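This briefing concerns the sequence and structure shown below. The points are grouped by topic.

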Amino acid sequence: MTALLTLDGVSRRFGGLKAVDDVSFDVNESEIVGLIGPNGSGKTTLINLITGVHPATAGYVRFDGHDITRQRPYRIARLGLARTFQIVQPFPRMTVVENVAAGALFCGHASDVREARAIAREHLEFTGLADMAHRPAATLTLAGRKRLELAKSLAMRPRLLMLDEVNAGLNSTEIEEALAIIRKIAEQGVTIIVIEHLMKVVLSISHRLVVLHHGQLIAQGTPREVVADKRVIEAYLGAKYAAGNPGVSN
Amino acid sequence: MRNWLALAVIAALLAALPLVGNNYALRLAATVCMYSVMAQSWNFIGGLAGYPSFATAAFFGLGAYASAILQNHGVPMVPAWACAGLAALLFAAFLGGAILHLRGHYFAIASLIVAEMLREIVNTLPDFTGGGKGMNLPLLNLSVTGQAQFFFYSMLALAVLTVASAIVLHRSKLGFGLRCIQQNESAADIIGINTYAYKTAGFSLSAVFVGVSGAIYASWVNYIDPPDVFDVLISVKPMVMVLLGGLGTIFGPSIGAVILLLLEEAVWRNFLTIHVAALGVIIVVLVLFLPNGLLALIRERFPAKAMAK
Amino acid sequence: MIYLQIAANGLVLGGLYACIAVGFSLVWGVLNVINILHGSFIVLGSYVAYFAYVHLGIHPFISIVIAGGVLYALGYLVQVGIINRVVSAPVLITLTLTFGLDLILNNTMLVAFTADYRGITLAHPLGSLEIGPVFLPGDRVAAMALAILLTILLYRLLRDSSIGRAIIAVRMDREAAELMGVDVKRINAITFAIGAFMAGAAGALLSIIFPISPLNGPVFLGKAFVVCVLGGLGSVPGALAGGLLLGVIESFTSYWLGPERAVTVSFALLLVLLFVRPSGLMGRRGYE
């Protein structure tokens, strides 16, 4: 079975710095893949490459049979790829329902603004934002805005959804709620890539993990495999821990 | 729909103006309609999409000259007007490709420069455009009153058409997309909006009616020259009108046009030498004390009287 | 050999252009405000120099300080009283505001001084300089030298004084500067005032070369724009390089296509630059 998303030797330079260095991996349909790595390892840059915000300087990206390596972001979005931003990017002066309607309208699932609003209301129910429907997006709490971002992406009816640090800034109750929603989304058949630097969160939800460090892919596998991987421990905690730890596979 | 009703009523009332007004009133009203067209048009790119365009004078002058040149080569007046609009539209689409990737200040400057350059180009092509000496346009075979009425109705029709377009645009997918672009262009990209196409569409729309208004103006005054039709104030006054009435609203630009022009008439009648400075004072007061325009102020004070947006 | 003369003419002009533009560039880079008043500030500086010369016999080069001082005060007041209220507003608002203010200043000057072109004819001109095959009017060369000197002084001010470093800090990152205790409001006012000073000084220098009239305001403003985009925002070396470059380009264009085309060409160049590389030849990725 061909993978839904394939990255092959993808790299991105900024001047002399290789933010993403020769990364290759697949994501299969209906998987939840956790993309992890310490801060600055290139996770968000990789997402930006996939969604077309920056062009890759080497390698290629294939999604659902299409080569999307040098496509514009809006085209990639319409193919079925959605993402949330680490720093939320709402349309601040529009209402919550209008924000979500935008997702439905421009990815082709609604033929006009009215229909988009109707679809939007469904997604608001799903993410628990229904009673905020007519408030301007900027007045929501951070947790609310994160959920709005999620609802907006869902309204795009993506095949693959990339969640970039969706839990940053949330307290533990809010994180639990967010995870519950993510599980519900996965149940509907959406493939998900979760970017996190909090191990605990991503371990509980991912089928598979992909680990980046200094822009390079250093490990991938099941959570159990990856957590015990020496290179991963070294990346997060330093060589000291990796070396002196019995029961660690090499 | 409330908006259509309001438009129909206002249009009907204005259409009756020749019955009660003299030629002076008709001329003033025609000017108000003309500026209403320009303000409404600017709102498409400046208010909805948030790109502060100074190109209005470029489109106006281009329309005036296109129509003048065509008419001097035998094209009848009204088709020449339509071609002028088309010329402005095509020019904007082409120009958009060159400057719409710029943001904020750079876009503003680029659009300002374009108008200046067009003026210079017209100046330096005397065989084609009459250069600095300007161009004459064919006179209409109508009495003074007849002309006043004809041009009033022409401008009124154009103004109604422009407001109608504004109403349609605000409800449409294009209008929605432009508002998204204005509030967060990166998010708009990711959500599936072809921002380049949308901005170009908005920019082109902001040109077409202005081009026609320039053409009608040229026929109205029978003589045009570069400093007249490419005057930077033609770019600035519509912006001020929209700010006055309410950025991004449907009727705001027209309301702003009425108010600013009436204010100007009052000042011009009495204080000719400081006329320009008076406009400057209005601008400063507006920006400092009425940043969201009059419609927003009224809505704050009288929330029950929610005016047709 | 005529090309050397043309180039030399261009450089002389260019030094003045640099002085015209550097204040404008600083204000744009630090306050993120395009000061449409700049052109009129220059003209006002020219008038100060003119009246100082005609009524008091003060040489325009000395008037650099007088004109600069007058404009500094005016600029400070305008910024503190009016522009400061909208400094973080969107482009549309700040641009419209300075445009409106310029309408007021320009109209006031028109009423006060009329549109008649005035000129300063120096009683004791410096004659002609001969450098190799090139002839240059002594006064113009002196003006250019002073212009460049002023620009360099500004550069040193920015680098070496604590005010200057505060200004650069605000240009780089307003919020960070505020967090570090910089009084951003005061820095904004001082920067704007410095920009006005440079405009007044440039006006005094220009008064012996260009005719003086409020109608010239937009011309100077246009040059300042082009220099900024050529050289990059908020960068003094950039303004210098851009100014010199523009001067030379205009000089050659004047020679090949006639003086009327020089303006069109420099605008066309500006558009091409904006299309290709908005941050300028030397500048950092400028503010929008």
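In strand S4 of chain A, Arg62(A) is the bridge partner of Thr6(A). The model is predicted, so local features need pLDDT of at least 70 and side-chain atom pairs count only at pLDDT 80 or more, whereas totals for chains, interfaces and linings use all residues. Residues are numbered from 1 along each chain as its sequence is written, and chains are lettered from A and ligands numbered from 1 in the order in which they are written. Helices (H or I, at least four residues) and strands (E, at least two) are DSSP runs, numbered from the N terminus.

**Four-stranded sheet of chain A**

- Helix H1 (residues 43-50) of chain A packs on the sheet and touches S1, S2 and S4 of chain A; the direction of H1(A) makes about 65° with that of S2(A). Axes are lines fitted to C-alpha atoms, for helices over the stretch in contact, and angles run from 0 to 180 degrees between N-to-C directions.
- Strand S1 (residues 5-14) and strand S4 (residues 58-63) of chain A are joined by five bridges in the antiparallel sense. Two strands pair if DSSP finds at least two bridges between them.
- The open sheet has four strands in the order S2-S1-S4-S5 (chain A), with antiparallel pairing.
- Its edge strands, each pairing on one side only, are strand S2 (17-27) and strand S5 (66-67) of chain A.

- Strand S3 (residues 32-36) of chain A runs parallel to S9(A), to which four bridges join it; Gly34(A) stands opposite Leu209(A) in S9(A).
- Strand S9 (residues 208-213) of chain A runs antiparallel to S10(A), with five bridges between them. Val210(A) stands opposite Gln220(A) in S10(A), and His213(A) has Gln216(A) as its bridge partner in S10(A).
- The hairpin of S9(A) and S10(A) has two residues between the strands, and in it His214(A) takes a positive phi near 50°.
- Five of the six residues of S9(A) are buried, leaving the strand mostly covered. A residue is buried if 20 or more other C-beta atoms lie within 10 Å of its own, exposed if 12 or fewer, and partly exposed in between, with C-beta atoms placed from the backbone.

**An enclosed helix in chain A**

- Helix H3 (residues 96-106) of chain A is largely enclosed by the rest of the structure, because 11 of its 11 residues are buried.
- Among these buried residues are Glu98(A), Asn99(A) and Phe106(A).
- The cover of H3(A) includes helix H4 (113-126) and helix H5 (142-155) of chain A, together with helix H9 (173-183) of chain B.

**Contacts between chains**

- Of the two pairs of chains in contact, chains B and C share the most contacts. Two residues are in contact if their C-beta atoms, placed from the backbone, lie within 7 Å.
- Chain A and chain C have no contact, and their closest C-alpha atoms lie 14 Å apart.
- The contact between chains B and C takes 34 residues from chain B and 31 residues from chain C.
- On the side of chain B that touches chain C, helix H5 (77-99), helix H6 (104-123), helix H13 (232-245) and helix H15 (275-289) of chain B give two or more residues. H6(B) supplies the largest share, 11 residues.
- That side of chain B has 25 nonpolar, six polar and three charged residues. Ala, Val, Leu, Ile, Met, Phe, Trp, Tyr, Cys and Pro count as nonpolar, Asp, Glu, Lys and Arg as charged, and the others, Gly among them, as polar.

- Helix H4 (residues 56-72) of chain B packs against H13(B) at an angle of about 125°, with the axes 7 Å apart. H4(B) and H13(B) are therefore oblique to each other. Angles under 35 degrees count as roughly parallel, over 145 as roughly antiparallel, 65 to 115 as roughly perpendicular and the rest as oblique.
- The residues in the contact of H4(B) with H13(B) are five nonpolar, two polar and no charged.
- Helix H2 (residues 38-56) and helix H3 (residues 60-81) of chain C cross at roughly 130°, and their axes come within 9 Å. This makes H2(C) oblique to H3(C).
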